[in-house]
Amino acid sequence: MRTIAIGTLIGLAAVSVVTAAPADAAGHARLDRLVKLQDIRRHQHDLQTIATYNGGTRAAGEPGFEVSTQYVVKQLKKAGYQPTVQDFPFAYYKERTPAVFERPGGPTYKYGTDFETLDYSGSGDVTAVARAIDPDGAGVGSGCEPADFTGLAKGEIALVKRGGCTFADKASNAQTAGAAAIAIYNDGTAPDRTGPVSGTAGQAWRIPVIGPSFQLGTDLVKAAAAGNLTLHVKTSTINEQRIAHNVIADTERGRDDNVVVMGAHLDSVTKGPGINDNGSGTATALTVAEQIGRLGDQIKNKVRFAFWGAEEEGLLGSTYYVTHLTAAQRATIALNLNFDMLGSPNGRRGVYDGDDSEGAGTNPPAGSGAIEKVFLEYFGARKLQTSPSTFDGRSDYGPFIDNGIPAGGLDSGAEKLKTAEEAKIYGGKAGQPYDGCYHQACDTYANNNDTILDQLADGAAHAVQVFAKSTLPVNGDHATARTALLPQAKRAPANLVTG
């Protein structure tokens, strides 16, 4: 790790004036009352300013991410911390210009509506016959087995249905079989899996990798079956290695053998400034870090604030951090609290399903249910309903649970659609995404639900205070009690990289 040099930032607001700490009936300071929405929004405003002056994005490998890193370090230093910056290499990807997808002499398909380019697609300009790969799903999944591509002639474009394996598996099989490009169309298995496929192909490929919508893909497969279907695919991308960063800062007080990690990812996607995803989590963690010192001797366990880099590329920063700890260092981490998207405009109060009561996530490490219970009891006491969020390792808690470390957190929802029942509870519009600007240029400072953000930030602050005082309900107060924890069973890769 190293300490980063801090440059001058433009347009950053002054810190809040310190007043007497709000307290409970016993006179103890309460972190949920110290963490104010106006301070969170101030940090989000500053992150928006950084993106605006740096090409509209704060993605890892871009200037906006570098300045965001400097900003977080500067704010932490102003709050009395000695932050460190952990560098790590990653595979940088960027689309130079929007891809072209069309039938020569026929329709030209609309980028972003009919199809998208998957991250780590190669560059190419291909006009060739298109062939449907295992359209009836006779194998494990369309394009999931090398044998699926037996009938593909070298230089043809492969039409592959989403599902059964990762996008990377499909791209690898297609490239090995000699395909000139691959189009992975959506499978239509759920309302949020009908539009164009948006995600990452996991690693750099030589061939173009695009993701048509379910309807377009289905139409193209029918056309291919009826006779020769010729398609034109053109992509222009950058695939190279760059350096990203994690920012780490510990409270001065507290045991260093029983550490509570509060994490949020700092980067955005390349398409936008990411002020909800995940400027909301970053700003909340920063505000908690600024205020937690006012708890004084209530802090029995050290709290580590972690701002992860390159989450959008596949949880790279948090994975690098956890996997580069020794076994003894990992044993000092009592638990991880993760906050990724807290202000979705059409959002909800989501609590990670740490006890696996929904049966839809991974195999949670022991103690994760106790973390969930702290959140549920807090919101229950405020008579605020919550909804379970699938505990599937999709965000930066994934590497922690993979290594047997209990985890929990909150979120307000991403691209999935709000149900009618949720609309009755939280307001908003049923049948619409929790965040209609998810991974888009419109994820700006205005893309926010103040009420949801304020409430979830309160819940985050409360949990940090509870575990800073004691982790006994989760895993005991002694780090030695955790050394026998076995790594959890391997889960599927994060949703960002799966088919």
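Me: Buried means under 20% relative accessible area, exposed over 50%, and partly exposed in between (1.4 Å probe, protein chains only). Is Cys 144 buried or exposed?

Reply: Cys 144 is buried, as is Cys 165. Please note that this is a predicted model, in which local features need pLDDT of at least 70 and side-chain atom pairs count only at pLDDT 80 or more, while totals for chains, interfaces and linings use all residues. Residues are numbered from 1 along each chain as its sequence is written, and side-chain values use heavy atoms, with hydrogens and water left out.

Me: How many disulfides are there?

Reply: A disulfide is a covalent bond between the sulfur atoms of two cysteines. Here a pair of cysteine sulfur atoms within 2.5 Å is taken as one, and the count is two. One joins Cys 144 to Cys 165, with an S to S distance of 2.1 Å. Cys 144 lies in the loop between strands S3 (124-132) and S4 (157-161), and Cys 165 in the loop between S4 and helix H4 (167-176), so the link ties together parts 21 residues apart in sequence. Helices (H or I, at least four residues) and strands (E, at least two) are DSSP runs, numbered from the N terminus.

Me: Which cysteines form the other disulfide?

Reply: Cys 437 and Cys 442 do, with their sulfur atoms 2.1 Å apart. Cys 437 is buried, because its relative accessible area is 14%, whereas Cys 442, at 32%, is partly exposed. The angle about their S-S bond is -115°, a left-handed link. The link of Cys 144 and Cys 165 is left-handed, with -95°.

Me: How many residues of helix H12 are buried?

Reply: Of its 20 residues, 14 are buried, and H12 is thus mostly covered.
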